[in-house]
Amino acid sequence: MADIVTTSVSYKECKNNIFRGYDPFGIYAYTQTEERLKAFFSNPNLEDYDSPMVNLSIVDGVIAGRSMAFSTKVKFYDTILPCTTGSSLEVNNGYRQFDIGVDLVLKPVRDKNNKQLLYADFSKEGIGMYRAARFNVFQLPVMMQARKIDVLLQIIGLNGWLLRFLSFLGSLILNPLLFFIDKRTSRKAKKLIIEETKIVPDWVDDITLNDGHDFMEVHDHKWLQWCLDNMFHYHPDNKNRFFIVKREEKPLGFFMIKERHTDIETRNIKDLVMTTVVEWGSNDLEAFDEVLVNRLSSLYCSKKTGILRVATDDSTTLYKCKRYLFFRHGFHYIVHKDNTKQYKGSKDQSLWRLRFGYSDSIFN
Amino acid sequence: MEIKQFIENFIELFDDEPTCEVTSETVFRDIDGWCSIVALSFMSMVDEEYDVQLTADEMRKANTIGDLFNTVSSKV
């Protein structure tokens with residue numbers, strides 16, 4: 001029978017580079033990139049350096065699986081509580097028969113220090129594991145807007161000269177439509193001042209922490225700044241961008257997008273820049289609502305963006321965004337577990353302030 | 001804690017009801033649909049229904065549903 005050990009490497013041990021293990025598949029090495037270490041160690045919620053940073057499953061001496069853990073905060077009613085979240089659950093294909101994914105999911109669940117747990121941004125397989133572990137599962141319908149026609153054509157398998165030819169023809173239709181849509185957005189936003197900034201102002205706290213929802217992950221200005229300043233994968237096209245929105249020089253709201261270069265091999269897509277609206281807030285929904293956020297993201301995303309992606313469970317936004325060429329495509333999942341069992345209402349998605357940018361979603 | 005109820009709770013974890021007869025002698029890994037997600041569901045069920053935390057190692061050492069029942073009973 002295989003010898004299976006589940007262990008943790010703490011923040012302190014990572015920082016001092018103490019851990020040694022046989023890592024032929026790069027399972028542990030994945031967690032030790034410069035970008036990841038910078039992100040994890042600059043977490044404004046990191047207080048306990050003895051807490052686990054990397055959970056490892058070691059089978060017959062071989063590191064075969066991992067997950068990462070970091071601290072965040074949640075606000076339940078008027079109380080701010082510590083919460084554990086995480087990243088990068090993975091099991092090497094050759095070791096899946098040992099069910100070590102079970103160990104890695106359950107380890108933080110059974111840690112008595114973890115009263116609240118929150119995770120986001122899953123594969124379909126991953127979400128099954130968290131459902132099985134009796135997490136509350138929240139799903140945000142995802143909408144996408146194609147900004148470049150060649151992305152859609154690559155999905156249906158076109159390449160080479162046919163792709164280039166049909167892209168040219170398709171762009172004759174799509175580009176004017178997008179131009180018209182963006183022009184209308186510019187007119188709508190004429191009375192607003194929109195500024196991109198590298199510094200998240202502290203007035204956003206009042207918006208994000210007091211929007212009327214009973215449950216939320218705490219996205220105050222310190223957390224947002226941390227997310228703005230970090231990402232897990234470097235590429236020249238990868239950017240996190242924060243925009244403040246003012247009316248007559250007074251803050252009205254904000255929105256944040258991430259732009260990521262990606263190849264989607266299963267869909268035959270190469271060199272795609274996907275832009276995602278990860279956070280937004282408004283102190284006047286009549287003047288600046290989620291539909292306008294999505295329209296402004298369309299206007300302000302980089303010219304290289306092939307797909308603009310948004311996620312929301314607001315039915316009005318889902319309906320109205322179709323006018324601006326957004327189409328439905330899948331879900332973004334967020335899961336939560338209340339180990340104290342004190343917060344029965346936390347099962348109700350409608351009581352949560354949910355955004356795409358939960359847990360590590362902005363860094364990915 | 002009764003074996004009959006335990007087996008009923010076990011069967012409910014599967015998306016499709018097992019076609020074979022499930023008894024205490026059944027090797028649970030041979031049941032159609034058994035996978036790590038069902039294993040995790042089982043461990044979560046045992047945690048909530050019986051207030052027992054099974055380790056993944058105890059799961060791996062068990063072969064039959066009877067083995068699982070005995071392990072859980074010993075910890076109740």
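At 30% relative accessibility, Asp211(A) counts as partly exposed, a class that lies between buried (under 20% relative accessible area) and exposed (over 50%), with a 1.4 Å probe and protein chains only. The model is predicted: local features need pLDDT of at least 70, side-chain atom pairs count only at pLDDT 80 or more, and totals for chains, interfaces and linings use all residues. Residues are numbered from 1 along each chain as its sequence is written, chains are lettered from A and ligands numbered from 1 in the order in which they are written, and side-chain values use heavy atoms, with hydrogens and water left out.

Asp211(A) forms a salt bridge with Arg353(A), and the closest N and O atoms of the pair are 3.5 Å apart. A salt bridge is a side-chain nitrogen of Lys or Arg within 4 Å of a carboxyl oxygen of Asp or Glu. Distant parts of the chain are linked by this pair, since Asp211(A) lies in the loop between α7 (204-208) and β8 (215-217) of chain A and Arg353(A) in strand β14 (residues 352-353), 142 residues apart. Helices (H or I, at least four residues) and strands (E, at least two) are DSSP runs, numbered from the N terminus. Arg353(A) is buried, at a relative accessible area of 2%.

A salt bridge is also found between Lys304(A) and Asp237(A), at 2.8 Å from N to O. Here Lys304(A) is in the loop between α9 (290-300) and β12 (305-311) of chain A, while Asp237(A) is in the loop between α8 (221-229) and β9 (239-247), and the two are 67 residues apart. Asp237(A) is buried, with a relative accessible area of 12%. Over all chains, the structure holds 17 salt bridges.

In chain B, Asp57(B) and Arg60(B) meet in a salt bridge of 3.7 Å, N to O. Both residues lie in helix α3 (residues 56-61) of chain B, three residues apart, about one turn of the helix. Asp57(B) is partly exposed at 30% relative accessibility, and Arg60(B) is buried at 15%. Through shared partners, salt bridges join Asp103(A), Asp57(B), Arg60(B) and Lys61(B) into one network.

Between the chains, 17 residues of chain B are in contact (heavy atoms within 4.5 Å) with 17 residues of chain A. About 1,500 Å² is buried between chain B and chain A, 56% of it on carbon and sulfur atoms; buried area is the accessible area (1.4 Å probe) that two parts lose on being put together, summed over both. Ile37(B), Leu40(B) and Arg60(B) lose the most area in chain B to chain A, together 40% of what that side buries. Two salt bridges are found across the interface. Glu48(B) and Arg134(A) form a salt bridge at 3.2 Å, N to O. The elements giving two or more residues to the side of chain B that touches chain A are α2 (36-50) and α3 of chain B, and the largest share, 10 residues, comes from α2(B).

Over all chains, 33 aromatic pairs are found. Rings of Phe, Tyr and Trp (its six-membered ring) pair if their centres lie within 6.5 Å, and planes under 30 degrees apart count as stacked, over 60 as edge-to-face and the rest as tilted. The rings of Tyr11(A) and Tyr49(A) have centres 6.5 Å apart and planes at 75°, so the pair is edge-to-face. Tyr11(A) is buried, at 1% relative accessible area, whereas Tyr49(A) is partly exposed, at 31%.
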